[in-house]
Amino acid sequence: MNFESENDTVTSMLLKSTLENKQNNENNGTDKEKAEFYKDEGNQFFKQLQFSKAIESYTLAIDNNPIESSYYGNRSFAYLKSEFYGYALSDANKSIELDPKYIKGYYRRASANLALGKFKLALKDYEFVVKTRPNDKDALQKFKECEKICKKIAFQRAIAIDDSLLNKSAWDQIDIETLRRSNVESDYNGPKFNSNKISIEFVKELIEHYKKQKVLHKKFAYEILFQIHDMLKKTPTLVEINVETGKKFTICGDIHGQYYDLLNIFKINGLPDEQNGYLFNGDFVDRGSFSVEVIFTLFALKLVFPDNLFLARGNHESLNMNQMYGFEGEVKSKYSAQMFNIFTEIFNLLPLTHLINSKVLVMHGGLFSNDEVTLEDIRSINRNRQPPEEGLMCDLMWSDPQYIEGRSPSKRGVGIQFGPDVTTKFLEKNKLDYIIRSHEVKQDGYEIMHNGKCITVFSAPNYCDTMGNKGAFINIKGDDLNPKFTSYEAVDHPKIKPMAYANSFSMFGLS
């Protein structure tokens with residue numbers, strides 16, 4: 001997910017941009033005074049948190065003086081705030097190319113690589129800054145923190161390799177039968193279930209329990225995880241959904257740990273049941289500080305209504321994202337590191353796509369880097385792993401639509417951007433009507449692109465308590481696949497800020 005709400009404007013500005021353009025290299029004249037005016041204008045927009053407008057102004061500054069490294073550094077920072085990490089990295093590289101002594105360029109590049117999970121590259125730049133400016137306390141702090149991250153990841157990978165060779169699972173450390181027989185403390189007054197049977201009454205009690213900011217007992221939490229893990233192991237990568245004539249079906253986008261907004265969806269649209277099916281299209285967790293509540297509620301509902309509620313994997317159902325954006329810290333705070341490892345295994349099993357009535361394909365991110373992909377290719381993806389940096393699985397979780405035709409490098413640095421012609425070819429090849437995806441903030445909670453053939457839905461209103469956007473969901477019926485949109489405002493939540501559990505990662509300014 002990213003902070004984009006003015007994609008058309010930004011894209012059009014980028015098309016005019018002189019970033020690594022041959023005309024820049026020829027340097028056909030500059031207007032330094034005008035460039036400074038646009039830079040100052042961009043700085044004002046940046047201070048007002050209007051990052052799209054800041055990017056426009058910095059782009060105009062670059063157009064008028066394409067050899068000034070600081071303009072690229074400024075635009076890189078605005079891209080970072082907009083979560084366009086691929087563009088941020090390109091601008092940081094350009095700023096360093098123009099002026100190898102421009103220290104902020106190394107800061108920007110380190111932040112972009114950090115956000116992309118390229119921790120060793122980030123560490124290298126922080127190390128350069130520390131050597132260049134040994135008295136810079138901020139740089140030293142970031143270097144030490146990044147070094148800790150690299151060591152932690154190296155240790156985790158070593159353990160993971162050992163576990164893989166021994167065919168170990170995080171469940172090997174849990175004796176589920178002993179846990180089932182264990183007694184619950186007498187002072188626990190939260191929801192319970194008997195005979196390991198999860199009911200809708202239990203879910204309703206759980207919701208009320210969570211509203212009081214209480215924690216589900218670990219006995220019942222592990223039971224939910226055990227059952228959902230067993231269920232998802234038997235689930236295909238592409239799930240086919242049949243919505244019967246007259247029945248309503250709802251597609252929701254990113255929730256991102258905004259539990260009280262999730263409950264508002266249920267208030268507006270009803271809880272899931274046999275007549276009211278749902279598909280939640282990934283990014284259930286991270287950023288919002290009630291991700292544990294979101295995921296346990298959705299998992300419990302999936303167990304109660306396995307044929308009426310569906311869950312897809314987003315790019316934030318992955319280890320790197322969870323380590324950076326809060327879910328790992330939240331699970332460890334409310335439960336344990338052991339439980340977080342189990343979540344990681346479960347997320348690997350989430351399906352990547354859903355096909356509704358053989359006509360509507362739903363994925364979190366978008367389409368592919370070539371035109372030959374079929375539904376059968378998607379079915380055969382090995383999803384039980386961390387997302388790769390390229391290929392079909394990566395594109396399904398990370399790609400974004402664009403307004404212009406063709407394909408472009410991703411603004412995020414992962415996946416691609418695909419145009420209306422790409423969407424049309426894919427739909428025609430696979431005999432589909434349209435696609436639904438999520439992954440991006442939209443001001444009204446949704447956006448219709450590509451002549452109505454590519455729809456984005458995003459369900460986290462006032463994202464991160466700062467964006468002011470609406471959330472939305474889509475309703476369709478089995479005999480009428482025409483999407484109908486409902487937008488809604490954010491609701492109040494307990495005074496716990498987003499990214500409250502992100503720990504050291506928030507210090508990098510990536511929140």
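## Basis and terms

Buried means under 20% relative accessible area, exposed means over 50%, and partly exposed lies in between (1.4 Å probe, protein chains only). This is a predicted model, in which local features need pLDDT of at least 70 and side-chain atom pairs count only at pLDDT 80 or more, while totals for chains, interfaces and linings use all residues. Residues are numbered from 1 along each chain as its sequence is written, and side-chain values use heavy atoms, with hydrogens and water left out.

## Salt bridges

A salt bridge is a side-chain nitrogen of Lys or Arg within 4 Å of a carboxyl oxygen of Asp or Glu. The whole structure holds 29 of them. One of these joins E83 to R287, with the closest N and O atoms 2.1 Å apart. E83 is in the loop between α5 and α6 and R287 in the loop between β3 and α14, 204 residues apart; helices (H or I, at least four residues) and strands (E, at least two) are DSSP runs, numbered from the N terminus. Both E83 and R287 are buried.

In helix α18, R379 and E376 lie 3 residues apart, about one turn, and form a salt bridge at 3.4 Å between the closest N and O atoms. R379 has a relative accessible area of 32%, so R379 counts as partly exposed. Elsewhere, salt bridges with shared partners join D400, K411, R412, R437, E440, K442 and E447 into one network.

## Sheet

Two members of an open, mixed sheet of 6 strands, ordered β1-β5-β6-β10-β12-β11, are β10 (residues 434-437) and β12 (residues 454-457), which run parallel and are joined by 3 bridges. Strands pair if DSSP finds at least two bridges between them. R437, a member of the salt-bridge network, stands opposite T456 in β12.

## Aromatic contacts

Rings of Phe, Tyr and Trp (its six-membered ring) pair if their centres lie within 6.5 Å; planes under 30 degrees apart count as stacked, over 60 as edge-to-face and the rest as tilted. The search finds 29 aromatic pairs. F84 and Y87 are edge-to-face, 6.2 Å centre to centre with 85° between the planes. F84 is buried at 2% relative accessibility, and Y87 is buried at 18%.

K411 lies over the face of F84, at 5.6 Å from the ring centre; this requires NZ of Lys or CZ of Arg within 6 Å of the ring centre and within 35 degrees of the ring normal. K411 also belongs to the salt-bridge network. R108 lies over the face of F77, at 4.2 Å from the ring centre.
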